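Thank you all for coming; I would like to walk you through one structure, taking a few local features in turn. Please have the sequence and the 3D view open while I talk.

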Amino acid sequence: MPEVLNLESTTLRKDLIDYSRNLERKNALASQFKFSDFIEKTKAGISLGQEEIFGFVNKVTGKEFPDIQTTAWLMAVRMRNDVKPLTIEETTNLTLAMAASGDILDLAEFEHVVDKHSSGGVGDKTTLVVGPIVATCGLTVAKMSGRGLGITGGTLDKMEAIPDRDGKVPGLNVRLTEDQFRKQAKDIGIVVTGQTGTMAPADGILYALRDITGTVDSIPLIAASIMSKKIASGATDLVLDVKVGKGAFMETEEEAFKLAETMVEIGIKAGINVVAEITNMDQPLGEAVGNALEVAEAIKTLKNGGPEDFRAHCIETASRMLMISGKAENMELATEIVMRTLDEGTALEKFRQMVIAQGGDGRVVDEPEKYLHVAKKYEVFYEGSEYLYFENVNAKKIGEAVRDLGGGRVKSKDEEIDRSVGMMIKAKVGKTLKPRDLLGCVYSDDPEKAQIAIQSLKNSLSFSREAVNIPKITRGTYPQVI
């Protein structure tokens, strides 16, 4: 049987788009697929052929399997984590098959379509800052983002915390049609919306099963999930932000670098100009954790303020996006360009344009404290008498506390959440602490939940009498030279 796609072809993306529209070819591969052979080969670590992988994904997309069969295969892949994981070729084929399971957005009309993707973190509102910066520099940021699940926040949830002109929340529109998506990308150079149901539908099916069967933590499955959506959404230049630490999927640098390497290799094969940065998620990024609070912090950062760690991360990520897209020859020059957009206020105005274009109230840019809906504030102070240093600020515990306030989801990305709740964390590893210093604030209109969150905040902190080094945000990149 001839191969479905030539992974070495210079026209791979075009070939993939053509395949995605060829229902006859898809049906033929599905009809020839034999699950018994596929599962046995997977369990034994025998190489899976391209035709088999594409046939399997076509069967999954057509819902021709009972969930128990699909789950059995996912479990077989997961059980090979420490023995013989899927090869990069197998993972690439799985990614391409998932991308081609639905519509693939063809954005060839734009010279560069720049995107960034975070593997998920606590307090990570980076897209709201770097998107406007990069768009201001003349690149097209046409981004499809997701919702939060568990302790990781979702960009769409943060954007919906911006009210419409009538003050209603959810306010800003993140359900744009393809025509609206293209028009806004052309008109103002930036658009951030949700993924359509016809884009990478196989990923939606597989992810839902992974989430309830303990098969999320597999690097090939994580990489295929992320990269299939990026390929389908039309990105030409991509920065991957792979989080590592207590508040991330990848808890060790070894795991994070392996995930980064896998995703970069898939992106290169698919014709995407891609680099990964590995960044610290032991403690929350910035101070704000919670949707409306994070929007306010993003606006503050676009006004050339904001917490030092978050601001530095945004500048570095935006600079890297400019460099891989050819807007700057090196990181030093890219950083100068990025800083200019903050100093001159042009990135802030680009953010305002995006808000207005998507139906939000542009006045939020000038007075976020007036127009964003934020719950009642409870201040939490250090009650000890010693002068200390912060040794640990546990991102996982803080993320869980905000989720339990109602700011995150537990079971499904369709669950309703409260965008007004959250925490402001003043504690930072290495920072000094003296009596009556403010540890942070809890925001909730439910007094009982607020008291539980206050205790969670206190429990997330540990201290040292000796000086503690301030951790670096970026721990490395893949490739290392970027």
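Predicted model: local features only at pLDDT ≥ 70, side-chain atom pairs only at ≥ 80, totals over all residues.

Before anything else, a word on pairing: two strands are said to pair if DSSP finds at least two bridges between them. With that in mind, look at asparagine 392, whose bridge partner in strand 12 is serine 462.

Strand 8, which covers residues 388-393, and strand 12 pair in the antiparallel sense, and four bridges join them. They belong to an open sheet of three strands, arranged in the order 10-8-12 with antiparallel pairing. Which strands are at the edges? These are strand 10 and strand 12, the latter at 461-464, and each of them pairs on one side only.

A parallel case is found elsewhere in the chain, where strand 2, residues 141-145, pairs with strand 3 over five bridges. Within this pairing, serine 145 stands opposite glycine 194 of strand 3. Are the residues of strand 3 buried or exposed? Strand 3, residues 190-194, is mostly covered, with five of its five residues buried. If you follow the directions in which they point, Ile190, Val192 and Gly194 go one way while Val191 and Thr193 go the other, and all are buried.

As a general point, nonpolar side chains in soluble globular proteins tend to be buried together. In this model the largest nonpolar core has 83 residues, and those with the most contacts inside it are Phe351, Met423 and Val442. Helix 14 gives the most to this core, namely seven residues. If we take phenylalanine 351 and leave aside residues up to four places away in sequence, it touches Leu128, Pro132, Ile162, Ile299, Leu302 and Val365.

How many cavities of 30 Å³ or more does the structure hold? It holds three of them, and the largest cavity contains about 170 Å³ of space. There are 23 residues lining this largest cavity, and the closest to its centre are Ile151, Thr152, Gly153, Val402 and Gly407. Helix 8 (155-160), helix 13 (291-302) and helix 18 (395-407) each supply at least two residues of that lining, and helix 18 has the largest share, with four residues. Sorted by class, the lining of the largest cavity has six nonpolar, 12 polar and five charged residues.

Helix 12 provides the largest share, six residues. By class, the lining of the second largest pocket has seven nonpolar, five polar and eight charged residues.

Finally, some points about the backbone. The peptide bond that joins valine 169 and proline 170 is cis, with omega at about 0°, and proline 170 sits in the loop between helix 8 and helix 9, the latter at 178-188. Another cis peptide bond runs from tyrosine 478 to proline 479, with omega near 0°; here proline 479 is in the segment after strand 13 (474-478).

Positive phi values also deserve a look. Asparagine 304, although it is a residue other than glycine, has a positive phi near 75°, and its place is in the loop between helix 13 and helix 14 (308-324). At 28% relative accessibility, asparagine 304 counts as partly exposed. Arginine 436, which is not a glycine either, has a positive phi of about 70° and is found in the loop between strand 10 (432-433) and strand 11 (438-443). Because its relative accessibility is 55%, arginine 436 counts as exposed, the cut-off for that class being over 50%.

Terms used: Residues numbered from 1 in each chain as written. Heavy atoms only, no water. 1 Å grid on protein atoms, 1.4 Å probe; cavity = no way out; pocket = protein on both sides within 12 Å on 5 of 7 lines; lining within 4 Å. Points joined across faces, edges and corners; volume = space filled by probe spheres on them. Nonpolar A, V, L, I, M, F, W, Y, C, P; charged D, E, K, R; others polar. Buried < 20%, exposed > 50% of the residue type's maximum accessible area, 1.4 Å probe, protein only. Core = buried A, V, L, I, M, F, W, Y, C linked by side-chain atoms within 4.5 Å. Contact = heavy atoms within 4.5 Å.
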